[in-house]
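Please load the model in your viewer and keep a selection panel at hand. The tour begins with the whole chain and then moves to individual side chains.

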Amino acid sequence: MPKHELDAYDRRILEALQKNGRLTNVELAEKIGLSPSPCLRRVRMMEEAGVIQGYEARLDPHEVGLGLTVFVGIKVERHHERDAEQFRQEVSALPEVVAAHLVSGESDFLLQVVVPDLRGYEQFLLHTLLKLPGVKDIRSNFAIQTVKPQSPLPLDHLAR
């Protein structure tokens, strides 16, 4: 159950901002069918509630020299909360890790790593990942092609 109850206007605001976070408030209000003042109040309320976490530019990794994406499954030795928290903090501080998830299955954590190339990943693996606390096993899966990049959340499913 979501912490913030979203009505139809909120969902339309979020859908529009996911597609284009650079919309002005006037453009956004016009697009969703509200006047600018209530639209801005709703956006600010969702920002304060943490529904909207920020605005950012989406970059093409190849165009900025980060041509290799690796999905890294990591199994840790122990499952003590202190050890897990230290691992999470260290992984969160690594700029090469663009996403990290605690998962079920063969791995304990799944990381999405971006690096310039295979040599860059080799250096990252040997000098960073293998030195993380409690790492027992690492499995690397290399992305050959991005079929669907990260996309907007499917908010239309919330209306049901």
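What radius of gyration does the protein have, when a compact globule of 160 residues would have one near 15 Å? The value for this predicted model is 20 Å. With the C-alpha trace displayed and turned onto its principal axes, the protein spans about 55 × 40 × 25 Å.

Next, colour the chain by secondary structure. The protein has five helices and four strands, and, read from the N terminus on, these elements follow the order α-α-α-β-α-β-β-α-β. If you then display contacts, counting those with a separation of 6 or more, you will find that 63% of them join residues 24 or more positions apart.

The protein exposes about 11,500 Å², of which carbon and sulfur atoms supply 52%, while 28% of the 160 residues count as buried. Colouring by charge brings up 20 positive and 23 negative side chains, with the centres of the two sets lying 3 Å apart.

From the charges, move on to their pairings. Side chains of opposite charge can pair when their charged atoms come close. The structure holds five salt bridges, and the following selections visit some of them.

Select Arg42 together with Asp7, whose side chains meet in a salt bridge with an N to O distance of 2.9 Å. Arg42 lies in helix α3 (residues 36-48) and Asp7 in the segment before α1 (8-19), so this pair ties together parts that are 35 residues apart in sequence.

With the three residues shown at once, you have Asp7, Asp10 and Arg42 linked in a network of salt bridges.

For the last stop, select Asp137 and Arg139, which form a salt bridge whose closest N and O atoms are 2.9 Å apart. Asp137 is partly exposed, with a relative accessible area of 27%.

Methods
Residues are numbered from 1 along each chain as its sequence is written. This is a predicted model: local features need pLDDT of at least 70, side-chain atom pairs count only at pLDDT 80 or more; totals for chains, interfaces and linings use all residues. Side-chain values use heavy atoms; hydrogens and water are left out. A salt bridge is a side-chain nitrogen of Lys or Arg within 4 Å of a carboxyl oxygen of Asp or Glu. Helices (H or I, at least four residues) and strands (E, at least two) are DSSP runs, numbered from the N terminus. Buried means under 20% relative accessible area, exposed over 50%, partly exposed in between (1.4 Å probe, protein chains only). The radius of gyration is taken over C-alpha atoms; the globule rule is 2.2 Å times the number of residues to the power 0.38. Contact means heavy atoms within 4.5 Å. Accessible areas come from the Shrake-Rupley method with a 1.4 Å probe; for residues, only the protein chains shown count as cover. Lys and Arg count as positive and Asp and Glu as negative; His and the chain ends are not counted. The place of a charge is taken as NZ of Lys, CZ of Arg, CG of Asp or CD of Glu.
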